[in-house]
Amino acid sequence: MAVVITLQGAVPADVAVGLSPLAELMACLHSIAEPEHHLAVRPWLERVRTDLSAEAQSLIAVYAPLWTRRRCRLLMPLEPPLGQTLQQELHRLEALPLNDFVLGVAPSVHGGVFDTRALLTDQTVRDAYTISSERRSFSRGELARSLLQTPERMRAGLLELLRLCAAEFFDAEWARVQHRLESECTRLRARVQALPLPEALASLSPNAVVRHNPPAVVYDKLQSLTADLRGRRCLLVPSAHSRPHLIVKDDPPYPLVVHFPVENTTQVERATLAQVRLRLAVLSDPARLSLCRHLVNEPITTSDLAVRTGMTLPQVSRHLGRLREVGLLTSRRDGRQIHHRLDTDRLMHLGVDVLTSIIR
């Protein structure tokens, strides 16, 4: 399964790079709803969840389907220009024709596969949609009824929640991350102008692959989607809170949106899926794992390892070479001796890298 964006005939002018505080707020709400996916921001999540008012907690639970499995397209930029304030984006959502609001929200409320095109005109489809949503969960069923029976009230409640979240935690968080995201926008605009479009879009994910015939970029996702950028706009929006998720939304008539995570430079560099597989394979060898028990405690030479484990020097050297190849070993020369040690930072993050590779 993968997301494929074909780029035959697309030009850099079709691509806009910029910020969206509303999309970032949705990423924050997603991490609050599913904290097990976001280990890197666990301290921030704990602070926010502790300080949230009872009213905010209740409303977040009610509207959670809009930012859990299938994020709502209406909570991303609906059109250029990017870089608007949160209040401007909320006003745009508030001014959206009510029928457009219903059709834009319906797929996320359901959360699965359901054809919503006749939702406004066919009572049979409306009834089936409500029943199908309720089968997925009681909360989705309740939200589906609210959307179809009282859409104005549902939208008002959603806007109330988003403004409440801005006051309670998001305004402060946006002020903290905005500069870093603006810097990423500057770098990405330069890449879009300097590189072929497939390579520029592939730079948004360590597990993206470029295809050349026809030109396309492929994102490794637990999602099947093929989007053609020919004759369309593409909005690239960085996020400090979406990691490990790269989100691609293709919901005509709105532009294609790629909401991509920006790495915190203070964190250990995340491994690619290929690196995770190699590291797990290397550590699965019993002899290599035995060496790691010695390498984790202190810097040690090849000859000392051979004595301690009963292996020959060539055997130890081969195993050390494999650990070094996958980035789990550091070596330091001290005179005529070379001391080796396990890279414990990378090893400790391997579990996080495995989880990230699974839920990316």
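**Cavities, sheets and contacts**

Modeller: Start inside, with the second largest cavity: helix α4 (residues 86-95) gives the most to its lining, with three residues. Keep in mind that this is a predicted model.

Colleague: Which residues line the second largest cavity, and how do they divide by class?

Modeller: The lining is made up of Leu22, Leu74, Met76, Pro77, Leu78, Glu89, Arg92 and Leu93. The volume of this cavity is about 40 Å³. By class, the count is six nonpolar, no polar and two charged residues.

Colleague: How many cavities of 30 Å³ or more does a search of the whole structure find?

Modeller: Rolling a probe the size of a water molecule over the atoms shows where empty space is left. Searched through the whole structure, the cavities of 30 Å³ or more number five.

Colleague: Now the largest pocket. Which residues are the closest to its centre?

Modeller: This pocket holds about 1,200 Å³ of space. Its lining takes in 40 residues. The closest to the centre are Arg69, Arg70, Arg71, Gln223 and Lys249.

Colleague: Which element gives the most to the lining of the largest pocket?

Modeller: Look at the elements that give two or more residues: they are α5 (98-110), β7 and α15 (350-359). The lining as a whole divides into 16 nonpolar, 11 polar and 13 charged residues. With five residues, the top contributor is α5.

Colleague: What is the bridge partner of Val17 in β6?

Modeller: Strands of a sheet pair through backbone hydrogen bonds, either parallel or antiparallel. Here β2 and β6 (residues 234-239) take the parallel sense, over three bridges. Across from Val17, the partner is Leu236.

Colleague: What stands opposite Arg211 in β4?

Modeller: β3 and strand β4 (residues 215-220) run antiparallel. Five bridges join them. Opposite Arg211 stands Ala216.

Colleague: In the hairpin of β9 and β10, which residue takes a positive phi?

Modeller: Strand β9 (residues 329-334) pairs with strand β10 (residues 337-342) in the antiparallel sense, over six bridges. One of the bridged pairs is Thr330 with Arg341. Two residues lie between the strands. The phi is near 65°, and the residue is Gly335.

Colleague: At what angle do α11 and α12 pack?

Modeller: Helix α11 covers residues 286-295 and helix α12 covers residues 302-309. Their axes are 11 Å apart, and the helices pack at an angle of about 115°.

Colleague: Is the crossing of α11 and α12 left-handed or right-handed?

Modeller: In the contact, α11 supplies Ser290, Leu291, His294 and Leu295, and α12 supplies Leu305, Arg308 and Thr309. By class, that contact has three nonpolar, three polar and one charged residues. The crossing is right-handed.

Colleague: Last, the cis peptide bonds. Where is Pro81 found, and where does Pro253 lie?

Modeller: The peptide bond from Pro80 to Pro81 is cis, with omega near 5°. From Pro252 to Pro253 the bond is also cis, with omega near 15°. Pro81 is in the loop between α3 (54-63) and α4. Pro253 is in the loop between β7 and β8.

Note on methods. Residues are numbered from 1 along each chain as its sequence is written. This is a predicted model: local features need pLDDT of at least 70, side-chain atom pairs count only at pLDDT 80 or more; totals for chains, interfaces and linings use all residues. Side-chain values use heavy atoms; hydrogens and water are left out. Axes are lines fitted to C-alpha atoms, for helices over the stretch in contact, and angles run from 0 to 180 degrees between N-to-C directions. Helices (H or I, at least four residues) and strands (E, at least two) are DSSP runs, numbered from the N terminus. A crossing is left-handed if the near helix is turned anticlockwise from the far one by less than a right angle, and right-handed if clockwise. Contact means heavy atoms within 4.5 Å. Ala, Val, Leu, Ile, Met, Phe, Trp, Tyr, Cys and Pro count as nonpolar, Asp, Glu, Lys and Arg as charged, and the others, Gly among them, as polar. Two strands pair if DSSP finds at least two bridges between them. On a 1 Å grid over the protein atoms alone, a cavity is a set of points where a 1.4 Å probe fits but cannot get out, and a pocket is an open set with protein on both sides within 12 Å along at least five of seven lines; lining residues have an atom within 4 Å of a point. Grid points are joined across faces, edges and corners, and a volume is the space filled by probe spheres set on the points.
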